[in-house]
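Good morning, everyone, and thank you for making the time.

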Amino acid sequence: MQRLGNSITSIGNRAFLNCKSMPCVVLPDTVTEIGDSAFFDCENLSSVVIGRGVTAVGAFAFIGGSNLKTVYYKGTGEEWINIGGVENTPNTAHVCYYSETKPSDDGSFWYYDTYGEIAMW
């Protein structure tokens with residue numbers, strides 16, 4: 001798992017274009033923007049954690065990575081739509097939303113366990 005530092009505030013256009021060595025990346029809450037094609041064609045990227053600070057996902061940001069299976073987003077479904085997440089992520093990727101407490105409704109929700117690892121409710 002590649003965790004990007006808290007000093008990073010944006011992921012530039014084509015920043016990780018064609019990166020073959022990153023199976024999972026964690027974007028901290030300090031990141032506010034993911035640029036166009038930032039993770040385009042990252043064929044080994046299977047999951048990404050996107051912090052709550054992101055307000056825009058650029059065109060084709062995660063498209064082209066045929067192995068992207070799961071997006072863990074620290075916001076709501078409505079926010080994911082509003083920031084452009086839906087149209088710039090493969091429709092085969094499953095999006096899970098962060099919740100510190102167990103939700104009462106059905107859906108895909110995640111949290112950090114006591115070891116700091118992602119766990120599903």
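Predicted model: local features only at pLDDT ≥ 70, side-chain atom pairs only at ≥ 80, totals over all residues.

**Surface, fold and sheet**

Residues are numbered from 1 along each chain as its sequence is written, and side-chain values use heavy atoms, with hydrogens and water left out.

Which elements make up the chain, and in what order do they run from the N terminus? There are 1 helix and 10 strands, and from the N terminus on they run β-β-β-β-β-β-β-α-β-β-β. Helices (H or I, at least four residues) and strands (E, at least two) are DSSP runs, numbered from the N terminus. The radius of gyration of the chain is 13 Å, close to the 14 Å that the globule rule gives for 121 residues, so the chain is as compact as a globular protein of that length; this radius is taken over C-alpha atoms, and the rule is 2.2 Å times the number of residues to the power 0.38. Along its principal axes, the C-alpha trace spans about 40 × 30 × 25 Å.

Now to the sheet, which is open and has 7 strands in the order S1-S3-S5-S7-S8-S9-S10, with mixed pairing. Strand S1 (2-3) and S10 stand at the edges with a single partner strand each, so one side of each is left without a neighbour in the sheet. Two strands are said to pair if DSSP finds at least two bridges between them.

Within this sheet, strand S3 (residues 24-27) and strand S5 (residues 47-50) pair in the parallel sense over 4 bridges, and Val26 stands opposite Val49 in S5. Strand S8 (residues 94-98) pairs with strand S9 (residues 109-112), also in the parallel sense, over 2 bridges, and the bridge partner of Tyr98 in S9 is Trp110. S9 and strand S10 (residues 118-120), by contrast, pair in the antiparallel sense over 3 bridges, with Tyr111 opposite Ala119 in S10. These two strands, S9 and S10, form a hairpin with 5 residues between them, and Gly116 in the turn has a positive phi of about 80°.

Let me turn to single residues. Leaving out residues up to four places away in sequence, Thr70 touches Ser46, Ser47, Val48, His94 and Cys96, a contact being heavy atoms within 4.5 Å.

Finally, two loop residues. Most residues other than glycine have a negative phi. Asp41, however, has a positive phi near 60°; Asp41 lies in the loop between strand S4 (33-34) and S5 and is partly exposed at 25% relative accessibility. Phe60 likewise has a positive phi near 60°, and Phe60 is found in the loop between strand S6 (56-57) and S7, where Phe60 is partly exposed with a relative accessible area of 48%.

Notes. Buried < 20%, exposed > 50% of the residue type's maximum accessible area, 1.4 Å probe, protein only.
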